[in-house]
Amino acid sequence: MKKNVMLLVVGVVFMAACSSKSSEPLPVEPQVAAPQPSSSVIIPVEIPMVITDMSVNAADKTFEISIDSNPTTGYSWTLANSKDLKRISLKNMIVVNTVNDPQRAGAPGVQKFIFDINDKGAQTLRFEYLRPWEKNIPALQIRTYNVEIK
């Protein structure tokens, strides 16, 4: 019986403590909306760009531009503005390996672009270093040649 009385007293004290009103309100933490994940993230990348001015003689009928590359990595230089050529036309492009083991991954090489000269004047050539099969991927490098044909 003493145990029952003791439990009753403890219960009443507990209930009284829970129901007492405090003079100070409980602090309320501000509600902050959780950040929502973005469907796409755009990371600005600065693409290395080289601009070269060059002059060629129209009497030579052809000229060549050689650019270092690593063809075994899948990257190659492409003439990005080939549809805009008016004064010259692309005759050929060849890859020259510059090491004894041309199949070694990352082996350096040179891409040679050979152009026929059609007319005197100015022509801009824009080359992009990329993997041709990768779509919507920016070029690793861009090279622009401002060609003056005299």
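Guide: A residue is called buried when its relative accessible area is under 20%, exposed when it is over 50% and partly exposed in between, with a 1.4 Å probe and protein chains only. The model is a predicted one, in which local features need pLDDT of at least 70 and side-chain atom pairs count only at pLDDT 80 or more, while totals for chains, interfaces and linings use all residues. Residues are numbered from 1 along each chain as its sequence is written, and side-chain values use heavy atoms, with hydrogens and water left out.

Visitor: Why does Tyr 129 count as buried?

Guide: The relative accessibility of Tyr 129 is 8%, and since the limit for this class is under 20%, the residue counts as buried. Across the protein, 23% of the 150 residues fall into that class.

Visitor: What makes a stretch of the protein a strand, and how many strands are there?

Guide: Strands are DSSP runs of E with at least two residues, helices are runs of H or I with at least four, and both are numbered from the N terminus. By that rule the protein has one helix and seven strands, in the order α-β-β-β-β-β-β-β from the N terminus on.

Visitor: Why is strand 6 said to be largely enclosed by the rest of the structure?

Guide: Seven of the ten residues in strand 6 are buried, and therefore the strand is described as largely enclosed.

Visitor: How do you know that strand 6 pairs with strand 3 and with strand 7?

Guide: Two strands pair if DSSP finds at least two bridges between them. Strand 3 and strand 6 are joined by four bridges and run antiparallel, with Ser 76 and Leu 130 as bridge partners. Strand 6 and strand 7 are joined by nine bridges, again antiparallel, with Leu 125 and Tyr 145 as partners.

Visitor: What makes strand 2 and strand 4 edge strands?

Guide: They belong to an open sheet of three strands with the order 2-5-4 and antiparallel pairing, in which strand 2 and strand 4 (88-97) each pair on one side only. Strand 2 pairs with strand 5 (residues 109-117) over eight bridges in the antiparallel sense, and Asp 68 has Val 110 as its bridge partner in strand 5.

Visitor: Why is the pair of Phe 63 and Phe 115 called stacked?

Guide: Rings of Phe, Tyr and Trp (its six-membered ring) pair if their centres lie within 6.5 Å, and planes under 30 degrees apart count as stacked, over 60 as edge-to-face and the rest as tilted. Five aromatic pairs are found in the whole structure. For Phe 63 and Phe 115 the centres are 5.2 Å apart and the planes stand at 20 degrees, so the pair is stacked. Phe 63 lies in strand 2 and Phe 115 in strand 5, so the pair ties together parts that are 52 residues apart in sequence. Both residues are buried, Phe 63 at 8% relative accessibility and Phe 115 at 0%.

Visitor: What makes the pair of Trp 77 and Tyr 129 tilted?

Guide: Their ring centres are 4.8 Å apart and their planes stand at 35 degrees, so the pair is tilted. Trp 77 lies in strand 3 and Tyr 129 in strand 6, so this pair too links parts 52 residues apart in sequence. Trp 77 has a relative accessible area of 3% and is therefore buried. Ring pairs link Tyr 75, Trp 77 and Tyr 129 into a cluster.

Visitor: How do you know which residues Ser 69 is in contact with?

Guide: Contact means heavy atoms within 4.5 Å. Leaving aside neighbours within four places in sequence, Ser 69 is in contact with residues including Trp 77, Val 110 and Tyr 129. Ser 69 is found in strand 2 (residues 62-69) and, with a relative accessible area of 4%, is buried.
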